Amino acid sequence: MTFKWIEKPSTRRNFLKGAGGVSAAVLTGFPMPALSQSSEVTIISDENNADALQILRRIAADFEKQSGTKVVINNMDHEAHKTAIRNYLVAGAPDVCFWFSGNRMRAFVNRGLFDDISDLFEKEKYKDVLGATTGAVTVDGKQYGLPTGGTMWGMFYRKDVFAEHGLTVPATWDEFLAYGQKSKAAGLIPVSIGTKELWPAAGWFDQMNLRINGLDKHFALMNGKMAYTDPALKPVFDHWEELIRQGFFTPDQTSFGWQEAGAFLAQKKAGMMNLGAFVKATFPEQDLEQLTFAPFPKIDAALDRYEEFSVNSVHIPANAKNKAGAREFLAFFYQPENFGPYLEPGGNVPPRNDLPASKDPLVNAAVESLKTVAGTSQYYDRDTDPDMAQAGLVGFQEFMAKPERRDAILQRLEGTRRRIFKI
Amino acid sequence: MFPRPIPETAIWQRRLYVVLVVGILIVWLAPLFAIILTSFRSTQDVMGGNLWGWPTQFGLVDNYTAVFTQTPMARYFLNSLTITIPSVIGVLILSTLAGFVLARYRFRGNMLVFALFVGGNFLPHQIMMIPVRDLMVRLNLYDTMSALIIFHIAFQTGFATLFMRNFIAALPGELFQAARAEGATPFQTLVHVVVPLVRPALAALAILLFTFIWNDYFWAVVLTISDTVKPVTAGLANLRGEWISAWNLISAGTIVVALPPVAMFFLMQKHFITGLTMGAVKG
Amino acid sequence: MTKLWRRHRWWLTPTLLILPAAVLFSVVILASAVESLWISLHEWDGFSPMVWIGLGNYRELFADPQFYVSLKNNLIWLVMFMLAPPLGLAIALLVSQKIRGMRLLKSLFFIPLVLASVAVGVVFTWVYTPEFGLLALIFRTFGATAPAVLSDENFVTFAVVIAALWPQIAFCMVLYLAGLNNLSEDLIGAGRVDGARGWNMLRHIVLPQLTQVTFIAIAVTVVGALRSFDMVSVMTSGGPFGSSEVLAYQMFEQSIFSYRFGYGAAIASVLFVIMAVFIAWYLTRMIRADERGG
């Protein structure tokens, strides 16, 4: 009897029927009267920064006052949100949700789960203030989200530590190697890294690949058009292995998360660290002025400068109940006087070019630095297929701990690439 | 070595024995003490890497206040109670009924039904994520506490039925013969004979279920999105996400979350052991 | 109507009594389990239409080196978890003296059992943290450097299992305490008269009376070992490089992070088959015990 239910597997149609049923029921006023239903906007955020969350709540309260629309913010743990979004986008979507632009957004756009908000772009003339960043939220000429903060990746260090040990910022590979020797002699770990959460190792791969092979080849790899066993990648891993063999990186790095690795930098135990400006969360207030960053050293001097710049974003799910209200809220949220303060605590680079200069020198430095960049990638796990990304992140983590397994790892990744991209 | 009781007259031996047990207990609970001590530390010290030395300042009040102000912990706490208590009661009722039937009625398929209860309970439950989510969407219950309550009742009923069946099967058969001789209906037998006798088992089961359900995080992530329905474990995860290296805050959060089950355990400790004694011993 | 009820009451009542539990359990748990078996025969990302690929997922799984790593780790879990019943018994024996204050000590030994596994995972991750952790501190007092156990592919699973053993031993201890309460004083007295003591007493007089408890303790422990997920997820996320993954975690990782619900379901099905062997053993034991007049 009860087993009958199983004979109808969840096909896409059933899914949509299920989801449609819910929103239909809600739209017809169950369980709340239709009127109050339409004047509420629910938001799911995955804000890890307590100050930014506070500002988001304040913006929501201001919006409530101004428009009379009630705003409910549900903030979630960043990692749990990655699981939750797969469920709520089909099962019971909020009106606004935070996510990542680029390929990660595209995965949901392709499955019809994010709403096309080109109309909002048109109405608010966002393309004028966003410029090239519009591309990060565009699929087939339509916009599916608003870019929020951008993270510019680079080599972070403490000015006082560099001064104390007479270290200089390495601009080339040779200088980088020399820096490593000198910092080791000074009793520092040359480069702090924690790969417990996997992704920090991928940043190293990305930036070395950008410095050695350039943006086009990097994207060929990200899009599955280049083999992981391609000879072009050999110098990337050779350079990387050189650093590993010379003891550049934190020992037992797989035991540490990025925050712990950041603390090594803050506590003057390590010289540099490759991350975004959010590393400042691991610094005590009074040490923040010491923190600064430099671009990843040049390897092939002939290549243009490409950098890693990842952009987060905010979206309206296709199954949202109050899409009109969501658009109103986003427009309000995106006004410079609201959006600017929201970006401030995280040290994110503003995507809008009409925001006043940040109070954070790191942000302004990143903005300046970006002006001289020839092109950007987002980050390994945002640029390639998620399935590929998972395999790649594990592979890079393993390479950093066991460089002698390079061939086996690359063979494995190549196998995964062939399966995913159906080669 | 079954321990021979230390005679009451050997006072020094008895005292020494207690010291020995306390010593072992300290080693046994060392990780817990570490957590408690850390929850007193200030953020300054933790960020500076001073985790074991004498604290330069104490953060006890700050840490515990932060647990309740950084996340809507009070709200989550209430939600957890609203989810856990009905779930526990629901499981107790269903499993008593089912356990009674399985223990006292011989019918074809009895073992099969029982095997399904046991087998289902042994499954790694993460795999049911998508089907359960779809079911809740179809029932219009996604993102409600009812979804969590229904799932917990269904899932825990497997384990609880195993427990209750064994317990009721171990009750002396004469009781049931006597009840039948007096013309009691099965329902009357259940209410007047079984229920009074299984009370200790129910108490023991209630504690175990309370801990299992209270501590769930996975299903809260799968089935709920609103702060108004999420349980306390979500608050702990929020703290973890925000402050991965702020061990002092995470420690404080861990202790706050652990308090209700620990309290419940101490309150009902006596019933717990008696209940298990009667339920578990007969396999 | 009443007549009908009277005539059929003998079977209607039990049916009605068991129905709520059976229906709920079938609809939510069993149906979901069967549906995931069905999913395992498809390629599916969780959103798009499912594509039937028959046994394709299973073929790939049996050629996947990670699968064997997970399987091996599940085996390590299973073997090491078998320490829980004897250690639980040891602690139970330790605290079963009738001395004032022992009762309080007894309940303090339970505490790990009621902690959320997330909490236990957090506690132990921190114990193991190189440089700052409790382990590092202990090693340092002896002038040694603690190994970074969670970074070493050979140690990591053992380190995680030790953390998981903590609550598991407490669980077994509770079961044995209950069992010890029920020992027959007569048999023990008789044993003493016969001069049985120490190990002989335990082996020949006490343990035989604890067979049923031991049976339950082993069952709970086996299930705990096979279903292990939380600890791996909290402490290592399967790392370093997948070396601490177990089947339940690999299934979750494949489904959630790699969007491969079909493949994940196939892993779950294999895990279920392993469980089924154990369930079959468990049930035959139980039926036999029942027949002996239990």
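## Two domains in chain B

The centres of domain 1 and domain 2 of chain B, taken over C-alpha atoms, sit 33 Å apart. Bear in mind that everything here comes from a predicted model. Domain 1 of chain B covers 11–60, and domain 2 of chain B covers 67–281. Where they touch, domain 1 of chain B puts in nine residues and domain 2 of chain B puts in seven residues.

Which helices of chain B each supply at least two residues of the domain 1 side? They are helix 2 (30–38) and helix 3 (43–47) of chain B. Helix 2 of chain B gives the most to that side, with three residues. By type, the residues on the domain 1 side of this chain B contact come out as four nonpolar, four polar and one charged.

## Two domains in chain A

Chain A also has a domain 1 and a domain 2, and each is written as two stretches: 11–151 + 311–364 for domain 1 of chain A, and 152–309 + 375–420 for domain 2 of chain A. Their C-alpha centres are 31 Å apart. The contact draws 14 residues from domain 1 of chain A and 16 residues from domain 2 of chain A.

On the domain 1 side of chain A, the elements giving two or more residues are helix 5 (103–110), strand 6 (146–152) and helix 16 (361–371) of chain A. Helix 5 of chain A has the largest share, at three residues. Sort the residues of that side by type and you get six nonpolar, seven polar and one charged.

## The nonpolar core

The largest nonpolar core runs to 292 residues.

Take Leu205(B) as an example: leaving out residues up to four places away in sequence, Leu205(B) touches Leu92(B), Ala160(B) and Phe163(B). As background, nonpolar side chains in soluble globular proteins tend to be buried together.

## A covered helix in chain A

Helix 18 (residues 386–401) of chain A has 16 residues, and at 1.5 Å a residue these should span 22 Å. The C-alpha atoms at its ends are 23 Å apart, which agrees. Helix 18 of chain A is also mostly covered, with 15 of its 16 residues buried.

## Two positive phi values

Most residues other than glycine have a negative phi. Lys125(A) has a positive one, near 55 degrees. Lys125(A) sits in the loop between helix 6 (118–124) and helix 7 (126–130) of chain A. Is Lys125(A) buried or exposed? Lys125(A) counts as exposed, because it has 9 C-beta neighbours inside 10 Å and the cut-off for exposed is 12 or fewer.

Leu198(A) isn't a glycine either, and its phi is positive at about 70 degrees. You'll find Leu198(A) in the loop between strand 8 (189–192) and helix 10 (199–212) of chain A. Leu198(A) is buried, because 24 other C-beta atoms lie within 10 Å, where 20 or more is the cut-off.

## How confident is the predictor?

For the complex, the predictor gives an ipTM of 0.83 and a pTM of 0.85. Chain C has a mean pLDDT of 86, and 98% of its residues reach 70 or more.

Among the elements of chain C, helix 3 (residues 65–81) of chain C has the highest mean pLDDT, 95. Helix 9 (residues 185–193) of chain C has the lowest, 78. Where pLDDT is low, the predicted coordinates should not be read in detail.

Definitions and conventions
Residues numbered from 1 in each chain as written. Chains lettered and ligands numbered in written order. Predicted model: local features only at pLDDT ≥ 70, side-chain atom pairs only at ≥ 80, totals over all residues. pLDDT = per-residue confidence, 0-100. Helix = DSSP H or I, 4+ residues; strand = E, 2+ residues; numbered from the N terminus. Domains from an automatic or database assignment. Contact = placed C-beta atoms within 7 Å. Nonpolar A, V, L, I, M, F, W, Y, C, P; charged D, E, K, R; others polar. Core = buried A, V, L, I, M, F, W, Y, C linked by C-beta atoms within 7 Å. Expected span 1.5 Å × (residues − 1).
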